[in-house]
Amino acid sequence: MDSSIVISTPPHVKSKRTTKSIMLDVIIALLPAAICGIIFFGVDAFILEITAVLGAVATEFVYFFIEKGGFAKKCKNAGAVCKLWWKQFDYTSIVSGLILALIVPPAVAWYEILIGAIFAIAIVKMVFGGTGKNLVNPACMGRIFIFISFASVGTWIAPNFDAINASEITTGATYLSGALLKGNGDAMSLVDLLLGSGLAGCIGETCKIALLVGYVYLCVRKVIKWWQPLLYVVLSAFLSVCLAAIPEDGVSAGFDIALFPAFALSGGLMFGAIFMATDYVTSPKGVYGQLVYYICLAVLTSLLRYLTGIEVVSFVILIMNLFVPLIDKYIVRKPFGYKREKKVKEGK
Amino acid sequence: MKAIKAKSFFAGIHVKDMKSLACNCPTEVMPDPAVAYISLRQSLGKPAVAIVEKGQKVKEGELIAKADGAISSDVFASIAGEVTDITELDCAGCKESFIVIKGDGSGEKSYFPPLKDATADEIKARIRDCGIVGLGGAAFPTAVKIAPKTPVDTLILNGAECEPYLTCDHRLMLEHTEEIARGARYLAKALGVSRIIIGIEANKPDAIAAFEAFDDIQPVILKKQYPMGSEKHIIYVTTGRKVGIGKLPADSGVVVQNVATAYAVCQAVELGKPLYERIVTVSGGAIAQPKNLWVKDGTPVKELVEFCGGESQTPKKAICGGPMTGVALASYDMYTHKATSGILLLTKEEAAAEEPTPCLNCGKCADVCPMHLMPMNTAFYSAAGDFETAAKLGNTMSCIECGACEYICPAKRPLIQAIRKTKAAVRAAAKKGGK
């Protein structure tokens, strides 16, 4: 017997799934949306995607390099630190960078998204301890940072996919506000909504077909549970339909289920549900906790959409991310075979 | 009886079973070792106390160590010969007491008289006298298990063999179907139950078909799902009953016995043969010829490996038992005992030896936990030294250590290690508090 023999606690066989392979799957699932973004919005989108990804990876590397003492002793350990970084590099920063690029409008300047990516990785992720330790979704936080910091984000441009459609585009932030204002779902055809053609929006959020492809891929590869995004999107759209029926100024629009696809497909809801809410690090563990999380997400999304009329998905995900530690603490599953103890009445 | 399909339990994992390596190899009888090293710790309880002296001649099947306490069991000589030493030896990292017997090749046997038309009490006494323990791996004395304090109505034979690689129970079910059935009837008689169920995983259709021949035994096809062979889960899927936390199966009216135990009971009752040999699966990618062998207790693992053609390549891990719950060996200086179900040599490709990466908090461990626990909480808090919170938030004390969580973990975190550490710390604290 060789001295290379390994001794450890069981199990001695493990699944071939690693963090890297899961992250690779997420990147693959994001690719259709990324490519559609480039097709719709052209070279600008491509530059933004590349900038965000490179910025995120570089930020992670620099942070790691400084933290592990790459500059110490006149950079003597620099080679070793680089090797160490490559060994622990698990593609999570690529995912964060790519998601960030896909949830900003194409009007964002390249340096703006670069600052957003640096903020997302350095402040939101690495300061808290890197992979698996961040409290909130880095990409989500990066988007909000960009939105609040830079005025350019307010201008939404239509994709150059279909010049004829472009003239008909509603001038609101998204299709959503148009639909809400008019109180009907015919403002844009459903086909356009699905394809994302002639629609203002964020780089990766417009083409729903591409998102669905990613969703199916993630489900098949068992990266996410199929019911999670479905619960979020369906429940939130349904609640939005209900809210739209609330009479305004004494005039009731009536309960119109035809609005359902419009609410489900518009804005960043689907992208958020598939790629951001399901982020492992910032979502609860255990089925009951997850149910609570997705129901809260859906309720908050529909409510805030109704009240504000702007796109709120990333804010809602951020809010619920912060509740995850509480959910994890108080919703602990009962073990198999657990029976609730009957309270014995005291007294004689 | 026609086999019926059982439902599945929530969670669990699907492991590549790797049984094709050895499942078609008929059992062979391993030649007696020249020297047998018989461990005194062959059951869950205290080690047995040696009753032989150095230089004493013993026969095959002779009592050489007496049980010490309720959940200890008698130990028997596995070969005829002379006791050369009673000593402490290194065995899988622990010091343990051994009786060393040098064989004389005479093959003289000393059995109990066979029982005919045995009564329930006679069967119980025989099971205790023959030192029979649960052969599924835990080595819990069978005599204790068939004397439940609450009334039972069902006997379940556990033929799930959900551990990958192992095929010893599978071979036994094919080659000794009749004996297992008779053993099950003796057990049922001792327990006073009439309902006998045998649960077999769906990947052994030939074994399921073999057990359809009996009128009084109900074969149940279990879904291929790990850990189906866990006592609580096999009870749930075959009878629909849930065993409460900290409760025994008997509290739900069920007793579960491994098929190999039933076979040993049959041998004890009909031949008077004490338990001193068993089938060991020698398998894995790094062994030249995977085999199922009848092995006498106390056979050195080295001889087993050599009998199977030795290493075909350098193994990455050597395991005693199954790959999900077995013990990793540092060397071949180890000796088989009543609960050794397999010796596995795993290659670099098969064995898991990756460095752990940071926890992703993905919750996959909780998703697959058959006991519905939260292993990541245990790992998180025990790493910080807060074992009390670890046990509370992870419900660690209910853990059956099946290893499903660590199998699925994409970050390859050592979860079982954390769980064992937490369990030990909580037990130590409870002991301290009790005093």
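1. A residue is called buried here if 20 or more other C-beta atoms lie within 10 Å of its own, exposed if 12 or fewer, and partly exposed in between, with C-beta atoms placed from the backbone. By that count Ala288(B) is partly exposed, because 15 other C-beta atoms lie within 10 Å. Ala288(B) sits in the loop between β14 (277-283) and β15 (291-296) of chain B; helices (H or I, at least four residues) and strands (E, at least two) are DSSP runs numbered from the N terminus. Setting aside neighbours within four places in sequence, Ala288(B) touches Cys308(B), Gly309(B), Gly310(B) and Ser312(B), where contact means that the C-beta atoms, placed from the backbone, lie within 7 Å. Its C-alpha atom is 16 Å from that of Pro26(B), a residue 262 residues away along the chain.

2. A word on conventions: this is a predicted model, in which local features need pLDDT of at least 70, side-chain atom pairs count only at pLDDT 80 or more, and totals for chains, interfaces and linings use all residues. Residues are numbered from 1 along each chain as its sequence is written, while chains are lettered from A and ligands numbered from 1 in the order in which they are written.

3. On confidence, pLDDT is the predictor's confidence in each residue, from 0 to 100. Chain A averages 82, and 82% of its residues score at least 70. The mean is highest in α5(A), at 95, and lowest in helix α8 (residues 163-166) of chain A, at 32. Please take care with residues 155-186 of chain A, where the pLDDT is below 50 although the stretch has 64 contacts in the model beyond near neighbours in sequence. Where pLDDT is low, the predicted coordinates should not be read in detail.

4. Chain A has 16 helices and zero strands. Of its 348 residues, 46% are buried. Among its contacts with a separation of 6 or more, 76% join residues 24 or more positions apart.

5. Chain A is divided into domain 1 (19-153) and domain 2 (172-330), with bounds from an automatic or database domain assignment. Their contact takes 32 residues from domain 1 and 28 residues from domain 2 of chain A. On the domain 1 side, α1 (19-41), α2 (43-67), α5 (92-102) and α7 (138-149) of chain A each give two or more residues, and α1(A) gives the most, with 13 residues. By class that side has 26 nonpolar, four polar and two charged residues; Ala, Val, Leu, Ile, Met, Phe, Trp, Tyr, Cys and Pro count as nonpolar, Asp, Glu, Lys and Arg as charged, and the others, Gly among them, as polar.

6. Lys208(A), Ala210(A), Leu211(A), Gly214(A), Tyr215(A) and Leu218(A) are buried in α11(A). Seen down the axis, these buried residues fall within an arc of 155°, so they line one face of the helix; the arc is that of the directions from the helix axis to the C-beta atoms. After α11(A) comes Lys222(A), with a positive phi near 60°.

7. Finally, the contact between the chains takes 54 residues from chain B and 35 residues from chain A. On the chain B side, β16 (317-320), α12 (404-408) and α13 (415-434) of chain B each give two or more residues.

Conventions. Two residues are in contact if their C-beta atoms, placed from the backbone, lie within 7 Å.
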